[in-house]
Amino acid sequence: MKNIHPSLRGLDLNLLLLLDALFRTGSVQAAADRLAISASACSHALSRLRIALGDQLFVRVGGGMRPTSRAEQLAPVVEAALALLSDGLSRGADFEPSRSERRFVLAATDYTAFAVLPGFLSRMQSLAPRLSFRVVQAERKVPLDALLAGSLDFALGYSEEGGPPPADIEEFDWPEEEYVAIASRGHPRIRNDLSLEAYLAERHVVVTPWNEPRGVVDLVLERLGLAREVALQLPSVLAAPFIIGGGELIMTLPRRAALRLAEAAGVRLYPAPFAIPPYRLKLYRHRRHAGSAAHDWVWRQLAACGPDARGA
């Protein structure tokens, strides 16, 4: 067993609930309401927590409480620890989605959030209106360290080619989809079809959400002994179609995203003029959460609200 930090030995663990509530709400009164205590009791508990941890933790700014850098460092660790403890206590216990006030943390890119969350959150409004969710930027395709540490409950990712998930990670696959190319409806050189020669002659937009040096399409082209000219590399997919619609660049992206953005962005879709491994949206969690009634229920709801879902 790892050594226990000295600060933890004499710390009232209820104070960690206070730190979490204050960090979430930014208000003593709101934190007190969340914990079902008086504002005065909340203030006294904060004083005790400040002494125990040797830091102000929260300072009053205007009408709210702003976390110090120390509180910023501690908050995600405390949140993960409380979530793990809650999961452990809830195993085998009933979970009532309509009454639960649990919060879950998901990692996503802008596209994976765009594909899944509208339908999922619509469903949650109906089935579990008091659950809350925090979405953080996915730092890698499978954020293994964060899932392992417990700072993430779920992650939305993708894979263009199959392969087993990392050890201890459970995954769910939504149906495959193909890649298509998009170009402005008024593109001066691309009309009714897009040949490989025309595709390679144009300049391209590439989205690399994890700052990869190249996109998957470039790797496919390399295997074919071909290359394209990349004019713009972006970390986000949602701005890209609007850039395409307003100029002469072209882009390759999953069909579902292209279809949903085509009308607003003013672009036309074309079949990719060469074979690209299909895109597959994935849902990940750490296997230790299996058997937790709350986690299992949210996992099932996320799986039911994939890219084709349109609400509850």
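Reply: Let us begin with V105, which stands opposite R134 in β4. The two strands concerned, β3 (residues 103–108) and β4, run parallel and are joined by six bridges; pairing here requires that DSSP finds at least two bridges between two strands. Helices (H or I, at least four residues) and strands (E, at least two) are DSSP runs, numbered from the N terminus.

Me: Before going on, what kind of model is this, and which pLDDT limits apply?

Reply: It is a predicted model, in which local features need pLDDT of at least 70 and side-chain atom pairs count only at pLDDT 80 or more, while totals for chains, interfaces and linings use all residues. Residues are numbered from 1 along each chain as its sequence is written, and side-chain values use heavy atoms, with hydrogens and water left out.

Me: Back to the sheet then, what is the strand order and how is the pairing described?

Reply: The sheet is open and has five strands in the order β4-β3-β5-β12-β6, with mixed pairing. Its edges are β4 (132–137) and β6 (169–173), each of which has a single partner strand, so one side of each is left without a neighbour in the sheet. On average, neighbouring strands of this sheet are turned by 25° against each other, direction ignored, where axes are lines fitted to C-alpha atoms, for helices over the stretch in contact, and angles run from 0 to 180 degrees between N-to-C directions.

Me: And β12, why is it described as largely enclosed?

Reply: Because six of its seven residues are buried, β12 is largely enclosed by the rest of the structure. Buried means under 20% relative accessible area, exposed means over 50%, and partly exposed is in between (1.4 Å probe, protein chains only). β12 pairs with β5 in the antiparallel sense over five bridges, and A155 has Y284 of β12 as its bridge partner. Five bridges also join β12 to β6, again with the strands running antiparallel, and there F172 stands opposite L283.

Me: Which helix lies across these strands?

Reply: Helix α6 (residues 110–127) lies across β3, β4, β5 (154–159) and β12 (280–286), and runs at about 135° to β5. Contact, here and below, means heavy atoms within 4.5 Å.

Me: What about L144, where does it sit and what does it touch?

Reply: L144 belongs to helix α7 (residues 144–149) and is partly exposed, with a relative accessible area of 26%. Leaving aside neighbours within four places in sequence, L144 is in contact with P166, A167 and I169. L144 and A155 are 11 residues apart in sequence, and their C-alpha atoms are 9.4 Å apart in space.

Me: Switching topic, what is the order of the sheet that holds β8?

Reply: That is an open sheet of five strands, ordered β9-β8-β10-β7-β11, and its pairing is mixed. β9 (229–234) and β11 (267–271) stand at the edges with a single partner strand each, so one side of each is left without a neighbour in the sheet. Neighbouring strands in this sheet are turned by 35° against each other on average, direction ignored. β8 (residues 203–207) pairs with β9 in the parallel sense over five bridges, and the bridge partner of V205 in β9 is L232.

Me: Which residues of α11 are buried, and what do they pack against?

Reply: In helix α11 (residues 255–265) the buried residues are R256, A257, A258, L261, A262 and A265, and they pack against α6, β7 (179–184), α10 (240–245), β10 (250–254) and β11. Just after α11, G266 takes a positive phi of about 70°.

Me: One more residue: is D20 buried or exposed?

Reply: D20, found in helix α2 (residues 14–25), is buried, with a relative accessible area of 10%. Apart from neighbours within four places in sequence, D20 is in contact with V78, E79 and L82.

Me: And the whole protein, how many helices and strands are there, and what percentage of residues is buried?

Reply: The secondary structure comes to 12 helices and 12 strands, and of the 312 residues 46% count as buried. The C-alpha atoms fill a box of roughly 70 × 45 × 40 Å, taken along the principal axes. Among contacts between residues at least 6 apart in sequence, 76% join residues at least 24 apart.
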